Amino acid sequence: MNLLQINVLDEQKRIADVLESMAIKTFGSVPEHKRSLLKPSPNAARRLGELHVTIVSASGLPRMDLIRSCDPYCVLYIDGHGDQPTHTTATIPKTTTPHWNEKCVWDLYSDSRMVTISVWDRDNVTKDDLIGTVLVDLRDLEPNSFGKQLDLRVTNARRAKRLRNAKLQVIFQRQKEGEALDPIQEEGGDLVEPINGSAKDEYGGIVTPATNGVVYENAGAGEGAGDISTDLDKLTDDILNLSDM
């Protein structure tokens, strides 16, 4: 990860803490579903198993420069207990519709809640450009969402118009302690075996409810879903402006 990517993650954590503190001062407490998504629980975390995340593909990504195509890659981070690794996909050159079909695996703890996926454009001349982010609250994913391909909108307040059609196709699977890994399912519900530990990439998108910047088209998100997403988008915009100074 470069310095800008590290700063984006750190500032996302900071703004979530600030918003939670403001809410506590105003209302006295914060409902559980509105608590900071990036702040680990103070209670002792229990290991629940593993979380497998497959970055299948993306569509509708914008070209970041006038004179060259897009060379996208993704950086993935999960919050919660322990020193969880940050995963980076391969860079797919010269395309706005990349296919990665790459899987990463994290230990899943009781305080693991937020998965942050940032999409970047590799630039060998200057710094890499942030295309946008996808924020997934695991607690808002319905049980039958695991194993299905999700069609998630990529957001960035600085490039909102250019990202109108930008989406990331992702599959989440859990492997609870002592249980089998969630099977991968096609849109019609048929089970599909993974290929070399990764999901097939010929699915149609499945949409499921979640919040905090992950925009779904087939079910409403929880109350107040867009609040933190909006602030994170504004924060990302501020970080990028500062980095250009």
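Two strands pair if DSSP finds at least two bridges between them. Strands themselves are DSSP runs (E, at least two residues), numbered from the N terminus. By that count, eight bridges join β5 to β6, and these two strands run antiparallel.

This is a predicted model, so local features need pLDDT of at least 70, side-chain atom pairs count only at pLDDT 80 or more, and totals for chains, interfaces and linings use all residues. Residues are numbered from 1 along each chain as its sequence is written, and side-chain values use heavy atoms, with hydrogens and water left out.

**Sheet**
- Four strands form an open sheet in the order β3-β2-β5-β6, with antiparallel pairing.
- β3 (87-88) and β6 are the edge strands, each pairing on one side only.
- D121 has D129 in β6 as its bridge partner.
- Strands of a sheet pair through backbone hydrogen bonds, either parallel or antiparallel.

**Nonpolar core**
- A nonpolar core is a set of buried Ala, Val, Leu, Ile, Met, Phe, Trp, Tyr and Cys residues joined through side-chain atoms within 4.5 Å.
- Buried means under 20% relative accessible area, with a 1.4 Å probe and protein chains only; over 50% is exposed, and in between is partly exposed.
- The largest core has 31 residues, and L51, V53, I55, V115, I117, L168 and F172 touch the most other members.
- At least two core residues come from each of β1 (47-59), β2 (72-78), β4 (99-109), β5 (114-121), β6 (129-137), β7 (149-153) and β8 (167-176).
- V53 has contacts (heavy atoms within 4.5 Å) with L76, E102, K103, C104, W106, V170, I171 and F172, not counting residues up to four places away in sequence.
- In soluble globular proteins, nonpolar side chains tend to be buried together.

**Two buried loop residues**
- S112 sits in the loop between β4 and β5.
- S112 counts as buried because its relative accessibility is 6%.
- Beyond four places in sequence, S112 touches I78, D79, G80, D107 and L138.
- A166 lies in the loop between β7 and β8.
- A166 is buried because its relative accessibility is 0%.
- Leaving aside neighbours within four places in sequence, A166 contacts S59, G60, L61, L152, R153 and V154.
- A166 and A58 are 108 residues apart in sequence, yet 7.3 Å apart in space, C-alpha to C-alpha.

**Cysteines**
- A disulfide is a pair of cysteine sulfur atoms within 2.5 Å.
- By this rule, the model has zero disulfides.
- C70 is buried, at a relative accessible area of 0%.
- C74 also counts as buried, at 0% relative accessibility.
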